[in-house]
Amino acid sequence: MSQESESARPGPRTTEAIIHLFERWVRETPDARAVVSGGTHLSYRELDLRANRLAHHLRDAGLPAGGIVAVGTDRMPDVLVAVLAVLKAGGAYAVVDPRSAPATVRRQLDQADPFAVVTDHDNRARLDHGDGRRTICLDSDAREIAAHPAEPLDVPPGGTAAVLFTAAGSPRAVPVGHARLVAAYEGWAEVYGLTPQDRHLVTARPDATVFTGGWIRALCSGGALVLPERRSGEAHRLIDAESVTVVDTDPAGAARLLRSTSGQHPALSSVRLLTVTGDRLYLDEQADLHRRLPPDVRLLNVYGVTEAAGCGTWFELSQLSAPAEHPGRVSLIGTPFPGCRVDTDGDGGIRLTPPGGGDAIPTGDFGRLREDGLLEYRGRARHRVAAGRRSFDPYRVESLLHDHPQIGACLVVAAEGGARSGRLVAYAVPSGTAAVPDAAEVRTYLTGLVPAEEIPGAVVRLRSLPRTRAGQEDRGALPQPAQPAGQGPAAGGKADRAPLINEGVLVAVPIGCGVIIVGFFALMWTDLIWPGSTDLSAVPDQWSGFFRVLYVVECVAFAAGVMFLFTGYPRMRQAGKSRGLTMAAHLAIVYLLISWWPQDNFYRLAAKDDWSRQAALVYVFNVPLMIAAAIIAVYATRKPADPEDDD
């Protein structure tokens, strides 16, 4: 089965370079606002002049035709200047985010293999890996760049325009040509109804494919591109301050945006179009978002892949011929953009023919073409889990649970040990103030709707689902539930053997009991191991009580350290830090807790002038305590690692 837009065509309608669409507006509306970010406002003329000078600088540096230039800086206007300059110099740009995990940045650079890196002084160390690539710092080299001519260079049409990075799994570099970007723009312009009066707000990270589409839609249609600084609430403030008309965001961003309005529409009065991309939207979620928008605002759920520059299919509620019977169970990705085509193979795998034609691209997703002509999302290949002798996509179970009145969002994954051992876990976010149903309720609800082996055996309540840098639900960042004491895996995959696991309650109780038991024995053993260390006969009565409390606290800290040694590491891993750093921090915490008991007892028994023993105690206890504290400080301040960086 296949579906194709009415204007789909076998090849691109033009071989024009994408930069030529931008330069048209430089000629026609040079003083119109082009970029707004923080306190920076650039007109089309100003943006063009800065890009031209940097383009000459790149050419003089030896950039070959079609050469790749990586762009990585925190200042969003500089990102746009560099992207346009690379295109003007006849190269292809690859945007990397210097705030990503170092391993991700290195992998992106290795994948793209750029001729040069454009960055700034503060981020140079993060992008310059000593591999011989030329590095251009926009601030340090500003005088040299400004000395170049401001006239545009001749750019031949065709060839590669950008190297984009996939968001799922390890970053994969995808070259995209000018013809494809131009064809994608034409599709966006037709569906979105783009005009020079539009003000586009893009909330995506600069290395996301959504950002590439965002700047093209804005600057190739004569509109203004509004880019938020990276702080909470910035997007909502900018909509009002800059009279934004088109908003590009992900599902979580759309929900945050509309929550911040508190049901009041004036702050969104300028918006005419809200596009949501990056992940699925159920019909009830889309309807809820639409109800909270002003009546005349269009809300589009957009689906695309990196190979198609983010262009693929789109859906809005007006395309439905009749209300859905169970809107909480259905996610529609709609119809193709002009120039695109979608079909499904024999297994239901979605294949997308990119704008302007070309080979069909397997998306890794599953779908079903409905009788009304709309494409329905049915799951993702990489999310499949094993159940007995077969595998299944958890999307069906997730959609059924999402439709439960007490569940607002849900993911189903196999916990450690795999689904074959009966360890299917549902991670559920409550709907409003409702309580998440327990495992027994979930089992009753799903019985008869899905096979028994697909029913989760445990339920974990979350405040929200974790998401990747591209806005997709991040299954790799879900916490692994601990198996309760005395509870083995459900035999034969039977869900009735596994209890509700709710925010670590079942783990905290046995840990607390363990601390009490170990602490009691430590207190009893103190005088056996260090005879006389707790002798308070020479201490005045008014002070002896303080020392008795100290001895108890030391024993409790030792017991907590022992229990943390066996239980702390898995829970620390949930923070998303790298495996090596997490292990070092785990052992440092254990040492900080355990060491107080032996340390104070040894010190109390050591004579003040026994310098050899005093020195030994300092190096055995005090120095490691300092090192442990430093490790904890690094762990506390280090950014979480991307899931794909942890091996």
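The chain has 18 helices and 25 strands, and please keep in mind throughout that what you see is a predicted model. Of the 647 residues in the chain, 52% are buried. If we take the contacts between residues at least 6 apart in sequence, 67% of them join residues that are at least 24 apart.

Once the neighbours within four places in sequence are set aside, W215 is in contact with L80, V83, L84, L87, Y93, C220 and L225.

A strand can be enclosed as well, and strand 8, residues 160–165, is our example: because five of its six residues are buried, the strand is largely enclosed by the rest of the structure. Strand 8 runs antiparallel to strand 9, residues 173–177, and five bridges join the two. One of the pairings you can look for on the screen is V163, whose bridge partner in strand 9 is P175.

Now to the charged side chains. Over the whole structure a search finds 28 salt bridges, and I will pick out a few of them. In the pair formed by K88 and D48, the closest N and O atoms are 2.5 Å apart.

The next pair has a different setting on its two sides. D343 and R351 meet through their side chains in a salt bridge, at 2.9 Å from N to O. D343 counts as buried because its relative accessibility is 11%, under the cut-off of 20%, whereas R351, at 33%, counts as partly exposed. A further salt bridge joins the side chains of D372 and R370, at 2.6 Å from N to O, and here D372 is partly exposed, with a relative accessible area of 32%. Beyond such pairs, there is a network of salt bridges that links R280, E398, E473 and R475.

Three strands make up an open sheet in the order 23-24-25, with mixed pairing. Strand 23, residues 407–414, and strand 25, residues 458–461, stand at the edges with a single partner strand each, and therefore one side of each is left without a neighbour in the sheet. On average, and ignoring direction, neighbouring strands here are turned by 25 degrees against each other. Strand 24, residues 424–430, runs parallel to strand 25, and four bridges join them; within that pairing, A428 has R461 as its bridge partner in strand 25.

Helix 12, residues 395–402, lies across strand 23 and strand 24, and it runs at about 155 degrees to strand 23. In the loop between helix 12 and strand 23 we find H404, which is buried, with a relative accessible area of 11%. Where does the side chain of H404 find a polar neighbour? A polar atom of that side chain lies 3.0 Å from the backbone nitrogen of Q406. Leaving aside the neighbours within four places in sequence, H404 is also in contact with P437 and Y445.

I will stop there, and I am happy to go back to any of these places on the screen.

Notes: Residues are numbered from 1 along each chain as its sequence is written. This is a predicted model: local features need pLDDT of at least 70, side-chain atom pairs count only at pLDDT 80 or more; totals for chains, interfaces and linings use all residues. Side-chain values use heavy atoms; hydrogens and water are left out. Two strands pair if DSSP finds at least two bridges between them. Axes are lines fitted to C-alpha atoms, for helices over the stretch in contact, and angles run from 0 to 180 degrees between N-to-C directions. Contact means heavy atoms within 4.5 Å. A salt bridge is a side-chain nitrogen of Lys or Arg within 4 Å of a carboxyl oxygen of Asp or Glu. Buried means under 20% relative accessible area, exposed over 50%, partly exposed in between (1.4 Å probe, protein chains only). A polar contact is a pair of N or O atoms within 3.5 Å; within protein, one must be able to donate a hydrogen and the other to accept it, and residues adjacent in sequence count only if both atoms are side-chain atoms.
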